[in-house]
Amino acid sequence: MMKERILAAYDPFVLPFVFGMTFVLAYCLVALVKVLIQLKPADRQKFFLSLITPATIVKNIRDLFCDCLFHVKLWKRNKVLGYMHSSIAFGWFMIILLGHVETVLYIPERLHKLYYPIFFRYFMEVKGETLQGSFFFFLMDFFLLVILSGITIAIIKRFRSRIVGMRRTTKLTLTDRIGLYSLWAIFPLRWIAEGFTAGVAGGSFMTIPINWLLHNFMSKPENFTAAWWAYSIALGTFMTVLPFTRYMHIPAEILLIPMRNAGLPVRHTRKGFALAMLYSCPSCGVCIDACPMGVQKKNVQDATVYMVRNLKRRNPKRSLEIAEKCLMCGKCAALCQVQMDACGLRLAYRTSHEKEHNRIPADFGYLEAVDPLPQLGEQKVLYYAGCMSSLTPVISRSVQQVLKAAGVDYELMDKDGSICCGRPLMLSGRQEEARKLIEKNRQLIEESGARILLVSCAICYRIFKEQYDLIGVEVMHYTEYFNRLIKEGRLHVRNGHQTLVYHDPCDLGRGCGIYDAPRQALRAVGQLVPAAKEREESICCGGSVGSLTLRYEDREPITRGALDNLTANNPEQIVTACPLCLKTFSRFAPVPVADFAEVLAQNLEQA
Amino acid sequence: MIYQGKQRIWSEYQKEIPTDHWFYVRSCIRQSFFPASEKTFLEILRNRLGKDVYETPHHTTCGGIAYHSEAIPQETMMTIIARQFALMTEAGYENYVCSCITSFGLYSEVIEDWREFPELLAKIRENLWKATKREFRIPTYLAHASDLIYKFRNEIAEQAKFRLVNQKTGRPLRVVEHIGCHYAKMFPSKGVGGAEYPYVLAGMVESWGGEVIDYPERRHCCGFGFRQYLVRANRGYSVSNTHKKFESMEPFEPDMIITNCPGCPYFLDRWQYVIAEQTGKTYGKDGYGIPVFTYEEVAGLVLGYDPWDLGLQTHQVAVEPLLDKMGIPYNPEDKYKGLDGKQLQRPEFPMNIKCC
Amino acid sequence: MIDFGYGLTPSATLKIEKVDNPLFAELHRLEPDVTKCIACGSCTASCSAGVFTEMSLRRVILSLQRGREKETLPMLQHCMLCGKCQLVCPRGINTRHLILSIGKVYKMEDKAL
Amino acid sequence: MSQNIVVIGGGPAGIEASRRLRDLGYTPILIEKEPVLGGHLARWDRLFPDGVEARKVLEPMLADLDGIKYFTDTEVSSINRLKDTWVVKLSNGLSAQVRAVLLTTGFDLFKAEKKEEYGYGIYERVITNADLEDWFKSGAAPQFDDVKVIGFVHCVGSRDEKAGNRQCSKVCCVTAVKQACEIKERFPEATVYCFYMDLRMFGRKYEDLYLKAQKECGIRFVRGRVSEVSEDIDGHLFVKAEDTLFGKPLKIKMDMLVLMAGMAPAASTAELARMVNVLPGEDGFFLPHSLIDSPCTCAREGIFYAGTATGPKTIPETLSEAASAALAIDRYLKSPQK
């Protein structure tokens, strides 16, 4: 009998696995083709080009290893979760790899059989011990142990998520559950199955003791077929349900990483790049804890993971609700393990919804009559205060005070009311309309001959940076510019020794990556204390124009949550660099809230 | 509708109208619009009721139309009125009755002004003296002619040959009463029944057997409004006002309209023709309009005067359906006969509103 | 029909019972705060588009409730959605969402003012 | 033997002041012309802003009248000064000689009939705020068929010089909003309008009530005073006003209209003022010594005021003024006699 199975190199128990594996490969192939077809031709070309660009190739390989196998990002964030994920991913990868290496080394003629490397231990017999053989036995058992340790953590996490440091985790769907339980079952079953055959097929420190236990105490040797069947069924089940579970992220990420590195934009809510993203969401739930709206329980269902889930299920009502409610602060995206463009997805949804349903077409014809800007001074600095700043006059006044103190001659662009920068329109899904404002502003700015466009609103700054393509104009946020003035010795400030905490406005920090300039400048005028969470983990003030539907009363808890975070180290003052944050925080803050420019203006060194 | 509620208001707005010896002044426009009305008034008061009513050919306009159209200043208008009063004073009368609502409103306003500003009165006396060497006394009592018909409504009812009752069904006629704006809207206490629920015409209708209908736009102006009609560009506004009233009264199916102002019957009558020509819509039964009357005409009908003697042939909206309802005999042949008994030319009939 | 050189003029009176309530009800479902307006005019006073045009959100809100939206919907064409009105609204009305919702419920006449 | 004090008017102010005076050791003689004590409060169902039942305020007061001599169905025939006392003769033949008289004569509800254009007493479907309270209190609803559109007219007889009431009656705005919410509860399908000139939500929680009316009850507010009301052929009302925010006249068919009758000076004010020889204010209410720091005293020695006799007030204001009046009287009586 043993001879037969070795000679035949086949047993019916492999069928579940073969079916599952074939199914998942076919599914992925179809999905891949679908994604590629759905890409816009230009995007597709860009993608293919990136696949042969050396720099991206290196990056792709690095990302694939770091993200898919080692979960470096997760390690940084949470060691237990990092270990759990990388142990399973890397361990499994190694077991598959080693199975193939063994097949190649020992029975290369069997390599064409899909299942052979997987069930290697069933089909072989150890004739005599070799060092090489023992080494492989040891490695296989070692990685099995690694995986089993990961699975153990996973099981514990599922029941006591707080132990691994997660406050909230996703609710699983039925298929997710089937996938999860089959995944949990695979490796213990493999252990048992290999344990049964370890006497014949050989084994190491994990399988030999099991073999001994099974044969002597627990089971009849005849049951070994059942064990292999169970192992194969677990594998087959997992593979078959995989496309319909969160584990789809395992194959999908392999596609997502190069697409992301190719720099493709999200153009649709569930086609092309977006589809690859939807497949890649591991439903891990990091976004749930990341979301500032999570301070209210009713908003938990609006986290990105649920956006993805509803998009996948084609639930337009919930998708729209989630898409419109989001503050677009980008924190979930910043923390996302697969770097899901959560804001992009929502924006795409808003845009298509607006296009389809808005019945009042915009008309900005009146902008044509707007007068050109006055002649700029020698230094060609143009200061755009923005709409919101007219409701927070302290900002524009302080900015101008600082500019004067530094001897900068400047011109205020929006003395008589501003043309909005266009970002609020964009965030509302009105892309083409926003373009009109952008064009007008760009025309005004370029015609003015400005060399530096100074912006004191984080919202405006982001769109000026991302969408304006101003030729010959350096767009600078006032935090950058004033920091530069201090460094260059043009602006003299004194240290007021007040303890300050700096709030990273979403669009400035996560949006444009400006974290250090404001901090450097503030260190010159006060004593900077950290917030509980800051930089890319900073919490939105709650006033964001990104959210379309969030009501006033539902914003307050967010603001309070953000304030708690900022005041963790008892600062004397909260400093922010966005008019909207300033106004929002001022309503509920326990300590005074000041604008960045205001703090600088208060600490100007008198000449 | 709580009738007692209205009675309570009516009881608060009653006037002590003198019974006899009146100085009568006519209206400028009624003599051409409804030429027999004023004659009927004098006829009823003098011959039916035996009252002393004096009129003089020397009286003029009160100046109201010119004043409301801003063609003459207030002082001029007041001096004209002062002259009217001088005529009364010279004739030895103290009770002044006018045929026109505009005049009535203006007299009330002027008397009130003089009471408030005696220096103004002095100035007007001086003006009048300088211009005409006349002197005047302010009337002891100012009445509108409809006040007198109201006062004697029961006496008229006693002599009535016909009642405002549908002879065929025995049911009271449904009557819309329309009061001239200047009757009581300016000085509610000067009108019988006040401004909101005037009783002057309603009282007549009730006495003579009819039933008053209270429709939503009852208070609304007829649409004349001086400048609205006099300036052609505004006439659309004028007819729109009238239209609004008819639309509002239509569901009540009124049999007739009774008015106490020179302009109102004219516009309520003529605009029915214009509306019919413009929209094709008529408000009476079977393509007819709703006949519109002055209170004198109605009193005359009730007392049994010949409809053609009352000048009803000068109406745009045919009155025959109403005469039939009341059972008043009339000879259709005589409708367009002149005073000399010879047939005048039959007028051209409109397209959309039936005129017999 | 005879042309007299004048005719019936349409009534300027608001007939609120004839207002298209289903539309307003739909708007109210999308943005319940629409009824919270106290007509203070802060939105209009601070409006970015108001610097250049006749834009008045207060009037738009009112006109929807009076069945005269045709007169004011074109104003919304000028809105830049900048959110200043939302910031100044004393009642905390989500004005941006209100404006976006109006665009979804009410259709503007083809001929713009 | 404690000193007598005459309190004229047995509404909330009179009852509360009497209780306070009794607590201070005096014997108040409380005179009420109606058959029962309680004034307008006795007629009201619920009170703004929280909807507390009026009887929950009044009943404890009425249950605590020991030591107070009170006469209902009784009017004052004359008041005369005799040396440093006042001799008050009553319609029941009794008379009292006291050093202090407290006038808590309250207000009269403005007679809505006077605003003829609104047709109260003429159109069945026009009622007043007081009628509505009667209805709420007794449960005896007027028999109107399908009530779908309901209107509230603010400022009926308030801020109306021609109606002889120039003053703001202060409580009608919030009463209208309260009643509008209550009526909406009874007719959830109805559309309810409030026609206001200004909304004066001055008191604590009043603005909250207004917000609730807008947000939860869906009451529609129209800034403009109703100009006229008429009846259509079915007996429904035809209401005209100007929407002053929109700048257009407005017309609406309604099934019920509630007139917020304001506070007018009590009819007895002029007569009593003559008896004690003081001049009422131009608005017809008693004029206290100072509206700022001595709202309870009068130019005439020994005469005191409390409550709405000196102008429109809310119930809590009235009650606290009654307490101050009691203290003012106490101080007056304890001060050395001249």
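Helices here are DSSP runs of H or I with at least four residues, strands are DSSP runs of E with at least two, and both are numbered from the N terminus. Counted that way, chain D holds seven helices and 20 strands. Please keep in mind that this is a predicted model, in which local features need pLDDT of at least 70, side-chain atom pairs count only at pLDDT 80 or more, and totals for chains, interfaces and linings use all residues. Residues are numbered from 1 along each chain as its sequence is written, while chains are lettered from A and ligands numbered from 1 in the order in which they are written.

**Chain D overall**

- A compact globule of 338 residues would have a radius of gyration near 20 Å, and the 21 Å of chain D agrees with that; the radius is taken over C-alpha atoms, and the globule rule is 2.2 Å times the number of residues to the power 0.38.
- Along the principal axes, the C-alpha atoms of chain D fill a box of roughly 65 × 35 × 35 Å.
- Buried residues make up 47% of the 338 in chain D (buried means that 20 or more other C-beta atoms lie within 10 Å of the residue's own, exposed 12 or fewer, and partly exposed in between, with C-beta atoms placed from the backbone).
- Among contacts in chain D with a separation of 6 or more, 65% link residues 24 or more positions apart (a contact puts two C-beta atoms, placed from the backbone, within 7 Å).

**The sheet of chain D**

- Chain D has an open, parallel sheet of five strands in the order E11-E18-E12-E13-E14, where pairing requires at least two bridges found by DSSP.
- At its edges stand E11 (126–128) and E14 (220–223) of chain D, each of which pairs on one side only.
- From one strand to the next, the twist averages 25°; axes are lines fitted to C-alpha atoms, for helices over the stretch in contact, and angles run from 0 to 180 degrees between N-to-C directions.
- Strand E13 (residues 191–196) of chain D pairs with E14(D) in the parallel sense over four bridges, and D:Tyr196 stands opposite D:Arg223 in E14(D).
- Helix H3 (residues 129–138) of chain D packs on this sheet, touching E11 and E18 (256–261) of chain D, with its direction at about 115° to that of E18(D).
- Helix H4 (residues 172–186) of chain D also packs on the sheet, touching E12 (149–156), E13 and E18 of chain D, and its direction makes about 170° with that of E12(D).

**The sheet of chain B**

- Chain B has an open, parallel sheet of four strands, ordered E6-E5-E7-E8.
- E6 (211–212) and E8 (292–294) of chain B are the edge strands; each has a single partner strand, so one side of each is left without a neighbour in the sheet.
- Strand E7 (residues 256–259) of chain B runs parallel to E8(B), joined by three bridges, and B:Ile258 stands opposite B:Phe293 in E8(B).
- Helix H14 (residues 263–279) of chain B lies across E5 (174–178), E7 and E8 of chain B, at about 165° to E8(B), whereas helix H15 (residues 295–303) of chain B lies across E7 and E8 of chain B, at about 90° to E8(B).

**Domains and strands of chain A**

- An automatic or database domain assignment gives chain A domain 1 (2–250), domain 2 (285–357), domain 3 (377–484) and domain 4 (493–602).
- Strand E1 (residues 381–384) of chain A runs parallel to strand E3 (residues 452–455) of chain A, with four bridges joining them, and A:Val381 has A:Ile452 as its bridge partner in E3(A).
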